[in-house]
Amino acid sequence: NHFLPFFKRLRLRELSAAHVRALKARKLEEGMHPNTVGVMQGVLSAALNQAVYDGLIPANPCARVKKAAARGETPMRALSEREASGLVRAAEGTRDEALIVLALRTGMRQGELAALRWEDLELDGGRASVKVRRSADTRTRTVVTATKTGEARTIGIGPRTVEVLRDHRARQREERMAAPTWEDPEWVFPNTRGKVRRRDSVMRSLHRMLAEAELPADLRFHDLRHTVGTHALRRG
């Protein structure tokens with residue numbers, strides 16, 4: 001009822017993010033409820049994920065299109081350069097300094113940072129990078145799966161971020177040696193027992209840093225990802 005009349009005889013390999021955005025815009029213009037359009041995008045994304053898994057297309061075009069949603073939801077907020085620097089200063093010397101720096105340099109999702117392993121980091125050589133392969137959901141029980149889009153991606157990082165991560169690794173080794181038990185030494189940002197860290201623990205820490213940096217207490221972790229995207233767009 002919706003996809004075939006809109007895409008017509010467009011070939012699967014020709015389908016781009018621009019086509020998906022156009023579909024979203026058309027349905028909203030026709031008066032369809034934003035939540036319904038968002039569900040429609042989810043159905044299309046699931047189908048295209050299967051196409052990726054089957055090797056028919058290299059990537060899912062829906063992954064680059066924000067889902068439609070009804071107004072009234074809490075808007076995303078981007079920190080200014082000054083505010084982001086203030087948050088980093090508030091995190092300096094804490095257990096979460098590297099977590100905040102990496103979030104503000106790469107735009108990784110909170111679940112992706114929770115599921116990051118040391119084997120995913122390349123800190124030596126001329127091309128330092130982070131390989132994002134998986135995501136952790138800790139809202140009920142801890143579940144580690146593939147990323148939200150089902151695709152791995154590599155993000156380059158600069159010398160300052162590399163330095164922070166190396167210092168973080170050294171501090172973590174000391175913490176691990178002092179701990180009575182440590183479940184898995186490969187998590188980059190675990191809890192104090194070497195397990196996947198829960199979202200609420202990260203948020204408590206973030207709220208303390210926001211207070212120290214005199215930033216709004218209602219800032220969400222996902223707003224750090226939005227900050228990265230906003231600044232990247234401003235830089236072209």
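Start by selecting Asp223: with a relative accessible area of 2%, Asp223 is buried. You are looking at a predicted model, so keep that in mind as you click along.

**Stop 1: around Asp223**

Colour helix α9, residues 222-234, and you will find Asp223 within this helix. Now show what surrounds the residue. Once neighbours within four places in sequence are set aside, Asp223 is in contact with Met76 and Arg77.

**Stop 2: Glu83**

Glu83 belongs to helix α4, which covers residues 81-91. Is Glu83 buried or exposed? Its relative accessible area is 15%, and the cut-off for buried is under 20%, so Glu83 counts as buried.

Next, look for a polar atom of the Glu83 side chain: the backbone nitrogen of Ser80 lies 2.9 Å from it. Then select Ala213 and compare C-alpha positions. Glu83 and Ala213 are separated by 130 residues in sequence, yet their C-alpha atoms are 7.9 Å apart in space.

**Stop 3: α4 against α5**

Stay with α4 and bring in helix α5, residues 97-106. The two axes are 8 Å apart and the packing angle is about 160°, which means that α4 runs roughly antiparallel to α5. The crossing of α4 past α5 is left-handed. To see the contact itself, show side chains for Ala84, Leu87, Val88 and Ala91 on α4, and for Glu97, Ile100, Val101 and Leu104 on α5. By class, this contact of α4 with α5 has 7 nonpolar residues, no polar ones and 1 charged.

**Stop 4: α2 against α3**

For the last stop, select helix α2 (residues 17-29) and helix α3 (residues 34-53). Their axes come within 10 Å and cross at roughly 150°, so α2 is roughly antiparallel to α3. Here α2 passes α3 in a right-handed crossing. Which residues make the contact? From α2, pick Val20, Leu23, Lys24, Lys27 and Leu28; from α3, pick Pro34, Val37, Met40, Gln41 and Leu44. Colour the contact of α2 with α3 by class and you get 7 nonpolar, 1 polar and 2 charged residues.

Key: Residues are numbered from 1 along each chain as its sequence is written. This is a predicted model: local features need pLDDT of at least 70, side-chain atom pairs count only at pLDDT 80 or more; totals for chains, interfaces and linings use all residues. Side-chain values use heavy atoms; hydrogens and water are left out. Helices (H or I, at least four residues) and strands (E, at least two) are DSSP runs, numbered from the N terminus. Buried means under 20% relative accessible area, exposed over 50%, partly exposed in between (1.4 Å probe, protein chains only). Contact means heavy atoms within 4.5 Å. Axes are lines fitted to C-alpha atoms, for helices over the stretch in contact, and angles run from 0 to 180 degrees between N-to-C directions. Angles under 35 degrees count as roughly parallel, over 145 as roughly antiparallel, 65 to 115 as roughly perpendicular and the rest as oblique. A crossing is left-handed if the near helix is turned anticlockwise from the far one by less than a right angle, and right-handed if clockwise. Ala, Val, Leu, Ile, Met, Phe, Trp, Tyr, Cys and Pro count as nonpolar, Asp, Glu, Lys and Arg as charged, and the others, Gly among them, as polar. A polar contact is a pair of N or O atoms within 3.5 Å; within protein, one must be able to donate a hydrogen and the other to accept it, and residues adjacent in sequence count only if both atoms are side-chain atoms.
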